[in-house]
Amino acid sequence: MITLTDLYHVLTAVVPLYVAMILAYGSVKWWKIFSPDQCSGINRFVALFAVPLLSFHFISTNNPYAMNYRFIAADTLQKVIVLVVLAIWSRLSSRGSLEWSITLFSLSTLPNTLVMGIPLLKGMYGDFSGSLMVQIVVLQCIIWYTLMLFLFEYRGARLLIVEQFPDTAASIISFKVDSDILSLDGKEPLQTEAEVGEDGKLHVTVRKSTSSRSEIFSRRSHGPNSGLSLTPRPSNLTNAEIYSLQSSRNPTPRGSSFNHTDFYSMVSGKNASSVSPRQSNFGSLGFDERVNGVYSQGSGYPAPPNAGIFSPVAGAAGVKKANGGDGGKDLHMFVWSSSASPVSEGGIHVFRGGGGDYGNELGGVAHQKDYDEFGRDEFSFGNRTVANGFEKEGPALSKLGSSSTAELHPKTGPQGESKPSSMPPTSVMTRLILIMVWRKLIRNPNTYSSLFGLTWSLVSFKWNVAMPAIVARSISILSDAGLGMAMFSLGLFMALQPKIIACGNSVAAFAMGVRFFTGPAVMAAASVAVGLKGVLLHIAIVQAALPQGIVPFVFAKEYNVHPDILSTGVIFGMLIALPITLVYYILLGL
């Protein structure tokens, strides 16, 4: 029977976490103490130092030789059951998709174990439950988050192939990805170059698009103080101005190269003889061009205005000379840059490690109308039509209406029959995805903290080797602050969001149902199946009812796959998690 003293111990362990979160929220929302740039600096400290060292501390002090394998088996079985059910659903159901499978897997199986789970379960069931939570953290960091990355990169690879090799993908036998490409998340325009080998198969090279490479060159050659202006100005230059078509509703088609003939066909008159041929990255997207004052509507979009518009992606490098002289006309093209999610455009990347410009990630808020539209949307997995007539999630590579960059659906023929697009051989796809996952992992400090912590625990508990006091103290001085700083960072993130419920009430209710009821129900079934009883069964169910994990949200934001839903799961889930877990704790203790 749960007593009032037991409840007080639980509140003593958890309420301080909420105090840190509320203080951070008030410092931005009410008292205006921190600017977005300052919040970004705090978040970067948390991502690079506090949380990795906190993970290292917990993992390195946990005895790996005393792990409860039955408890681990229950946790693993829960995730396997959910994966199998979602795989069958996405394969057999017309409403199933890879994007929704990834999101539902995150919601139902990946709770906030490190920050919220360890102190909460310790307050409920004692110190030994904290050891069980550390075991779950190890598996999450090493296995399940890696699997999530694999699924996201698989999705990115499929989108890239479907867009650029819709009919010849099965002939691809190798991919070579330039070393400066860290992910296929769609944030940067990519281009592909295919060569036909002697065997008649395609060898594909993936590299950053022309505009992206030129931006890097421009920054390196001109420098920050070279006088190069990024200010929009009238279009009176004799060059090609690159426009960024950026919208939270539109996804990011990646560019592909087109041949010299295509390039010359855009240019007429004396410009045609003076423009040096080169490959471009705008081939299959459709473009708006103005040659000698005449617009050609390549994709149905309106002609660009006369003011040069530079996006944060294109930057100053969007200005390119179309010819060597000064007498030519302007050549306008649309470059599709990364579409921002409808929640916190440029928002904070909580606990994100490595590889990113954190300086501007807290800066702005997405268009308010996008939030309003998402808030009013009726929840549906199927096709929906918006006011302008576009389908929100159509049968073929939906361009509008999803918070993800694009939805993968099989093509449909004229009679409505399904025509799944072919893919390269499994071994080729697997190698490509593993390369990209490896590049992501080696730039994430949490990867190193987990592996180093596990390695040290294996050594220290095997041979009873104590960590030198000077090293242990150096780590603990920051790791001790990790828990509070993590919750403080969460409060900053909450304050910078325009809405706590960003995905709409109906979707939020569904997401909370998956998070707090479906996940614990599957965990209960898996625990009973492996023979967990008593307190271990209670711990397994309560930890499955913890709020949404933060790392899955970071992945969803980076790959733009339902970030609004995962954001709601983190923020709103954190607010209602304490009463819900207390209800589970009381009911299981009866």
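Buried, as I use the word here, means under 20% relative accessible area. Phe555 has 6%, so Phe555 is buried. Please keep in mind that this is a predicted model.

Let me stay with Phe555 for a moment. Its ring and that of Phe152 have their centres 6.3 Å apart and their planes at 70 degrees, so this pair is edge-to-face. Phe152 sits in helix H6, residues 127-164, and Phe555 in helix H16, residues 550-559, so the pair ties together parts 403 residues apart in sequence. Phe152 is also buried, with a relative accessible area of 2%. Both rings belong to one aromatic cluster, formed by Tyr145, Phe152, Phe555 and Tyr559.

The structure holds 11 aromatic pairs. One of them is Phe34 with Phe488: the ring centres are 6.0 Å apart and the planes stand at 90 degrees, so this pair is edge-to-face. Phe34 lies in the loop between H1 and helix H2, and Phe488 in helix H13, residues 469-495, so the pair ties together parts 454 residues apart in sequence. Phe488 is buried at 18%, while Phe34, at 26% relative accessibility, counts as partly exposed.

Now the surface. A nonpolar patch of about 760 Å² includes Leu11, Val15, Val19, Trp30 and Trp31. Val19 is in helix H1, residues 4-29, and counts as partly exposed at 41% relative accessibility.

Last, the strands. E2, residues 190-196, and E3, residues 202-208, run antiparallel and are joined by seven bridges. Glu193 has Thr205 in E3 as its bridge partner. The two strands form a hairpin with five residues between them, and Gly200 in the turn has a positive phi of about 80 degrees.

Notes:
Residues are numbered from 1 along each chain as its sequence is written. This is a predicted model: local features need pLDDT of at least 70, side-chain atom pairs count only at pLDDT 80 or more; totals for chains, interfaces and linings use all residues. Side-chain values use heavy atoms; hydrogens and water are left out. Patches are made of residues with over 30% relative accessible area and no salt bridge: like charges are joined within 9 Å, nonpolar side chains (Val, Leu, Ile, Met, Phe, Trp, Tyr) within 5 Å. Accessible areas come from the Shrake-Rupley method with a 1.4 Å probe; for residues, only the protein chains shown count as cover. A salt bridge is a side-chain nitrogen of Lys or Arg within 4 Å of a carboxyl oxygen of Asp or Glu. Helices (H or I, at least four residues) and strands (E, at least two) are DSSP runs, numbered from the N terminus. Buried means under 20% relative accessible area, exposed over 50%, partly exposed in between (1.4 Å probe, protein chains only). Two strands pair if DSSP finds at least two bridges between them. Rings of Phe, Tyr and Trp (its six-membered ring) pair if their centres lie within 6.5 Å; planes under 30 degrees apart count as stacked, over 60 as edge-to-face and the rest as tilted.
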